Amino acid sequence: MNRIKELRELNSITIDELVNELEITRRTLYSYEVLDKPIKSDILIKLSKIFNSSVDYIIGNVDYDIFKNEKFISKSELENNLLNMEIE
């Protein structure tokens with residue numbers, strides 16, 4: 001699963017802003033974000049520049065963003081971490 005939606009939301013970028021920047025349709029963005037369709041290389045390069053993230057990080061090949069020195073934590077992983085903190 002790719003991280004486009006999470007990165008878009010984290011960077012406070014609207015769907016309309018991103019489709020305009022990428023020069024794609026809302027339907028195409030939906031297919032990337034929700035249906036996890038393969039992303040064209042030119043779009044991946046643009047996404048990498050927009051989010052300042054590596055392509056591998058965006059498409060979910062790695063959990064560590066080398067551009068930001070940050071480990072991606074999914075919403076469910078964050079919730080589990082918070083639950084574990086409450087229990088201890």
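The secondary structure of the protein chain in this predicted model consists of six helices and two strands. Read from the N terminus on, the elements follow the order α-α-α-α-α-β-β-α. The chain has 88 residues, and 30% of them count as buried. Contacts also link parts of the chain that lie apart in sequence: among contacts between residues at least 6 apart, 44% join residues at least 24 apart.

In soluble globular proteins, nonpolar side chains tend to be buried together. Here the largest nonpolar core has 16 residues, and I4, L18 and L47 are those with the most contacts inside it. The elements that give two or more residues to this core are α1 (4–10), α2 (15–22), α3 (26–33), α4 (41–51) and α5 (55–58). Helix α4 gives the most, with four residues.

With its neighbours within four places in sequence left aside, L18 is in contact with I4, R8, I13, L29, L47, I50 and F51. Two of these partners, I4 and L47, are named with L18 as having the most contacts inside the core.

On the α2 side the contact is made by L18, E21 and L22, and on the α4 side by I43, K46, L47, I50 and F51. By type, the residues of this contact divide into six nonpolar, no polar and two charged.

One of the α4 residues in that contact is I43. Is I43 buried or exposed? Buried means under 20% relative accessible area. The relative accessible area of I43 is 4%, so I43 is buried. Leaving aside neighbours within four places in sequence, I43 is in contact with L22, I24 and Y32. Of these, L22 belongs to the α2 side of the helix contact. I43 and L22 are 21 residues apart in sequence, while their C-alpha atoms are 6.6 Å apart in space.

Terms used. Residues numbered from 1 in each chain as written. Predicted model: local features only at pLDDT ≥ 70, side-chain atom pairs only at ≥ 80, totals over all residues. Heavy atoms only, no water. Core = buried A, V, L, I, M, F, W, Y, C linked by side-chain atoms within 4.5 Å. Buried < 20%, exposed > 50% of the residue type's maximum accessible area, 1.4 Å probe, protein only. Contact = heavy atoms within 4.5 Å. Nonpolar A, V, L, I, M, F, W, Y, C, P; charged D, E, K, R; others polar.
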